[in-house]
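Subject: Structure handover

Hi,

Here is the structure for you to pick up. My notes follow below it.

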Amino acid sequence: VQLQAYGGGLVQPGGSLRLSCVASGNVFSINTMGWYRQAPGNQREMVADIGRGGSALYADPVKGRFTISRDNDKNAVFLQMNNLKPEDTAVYFCYCYARPKLWLPQRDYWGQGTEVTVSS
């Protein structure tokens, strides 16, 4: 399973960005998909995740500003980020908990990260 994330960039405070991530390769099934982020000098932290049925979980700092969604047919997950703040600056990583083949166990897979910078 390979994950390709894109959509990061430089945005002013109060602005919006939409991140996308697509899983490809050997993908038999995908359970949870989501996003983590890591700011310089900080540990990686969960931002949001979403189950196959659409149930979502958000970290407190992003509640009410970020919305996660997914397209199961396209093996894709999205993160709409509104009212961005400088403290949202980080590298954002997408991940999924997936089974690559029927006979293989589920495990976590990670994308390469896309950088988000919120600055005036």
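A polar contact of 3.0 Å joins the side chains of K63 and D60. By polar contact I mean a pair of N or O atoms within 3.5 Å; within protein, one must be able to donate a hydrogen and the other to accept it, and residues adjacent in sequence count only if both atoms are side-chain atoms. K63 sits in the loop between β6 (56-58) and β7.

Some ground rules. This is a predicted model: local features need pLDDT of at least 70, side-chain atom pairs count only at pLDDT 80 or more, and totals for chains, interfaces and linings use all residues. Residues are numbered from 1 along each chain as its sequence is written, and side-chain values use heavy atoms, leaving out hydrogens and water.

**Sheet**

Four strands form an open sheet, in the order β1-β3-β8-β7, with antiparallel pairing. Its edge strands are β1 (2-6) and β7 (66-71), each pairing on one side only. Strands (E, at least two residues) are DSSP runs, numbered from the N terminus. Two of them pair if DSSP finds at least two bridges between them. β7 and β8 (residues 76-81) are joined antiparallel over six bridges. In that pairing, R70 stands opposite V77 in β8.

**Cysteines**

The whole structure holds one disulfide, defined as a pair of cysteine sulfur atoms within 2.5 Å. C21 and C94 form it, with their sulfurs 2.0 Å apart. The link is right-handed, with 45 degrees about the S-S bond. It ties distant parts of the chain: C21 is in β3 (residues 17-24), C94 is in β9 (residues 90-99), and 73 residues separate them. Both C21 and C94 are buried, where buried means under 20% relative accessible area, exposed over 50% and partly exposed in between (1.4 Å probe, protein chains only).

C96 counts as buried because its relative accessibility is 0%.

**D49**

D49 lies in β5 (residues 45-50). D49 is buried yet has no salt bridge, meaning a side-chain nitrogen of Lys or Arg within 4 Å of a carboxyl oxygen of Asp or Glu. The nearest side chain of opposite charge is R70, 8.4 Å away. Lys and Arg count as positive, Asp and Glu as negative; His and the chain ends are not counted. The D49 side chain does make a polar contact with the side chain of Y95, at 3.3 Å.

Best wishes
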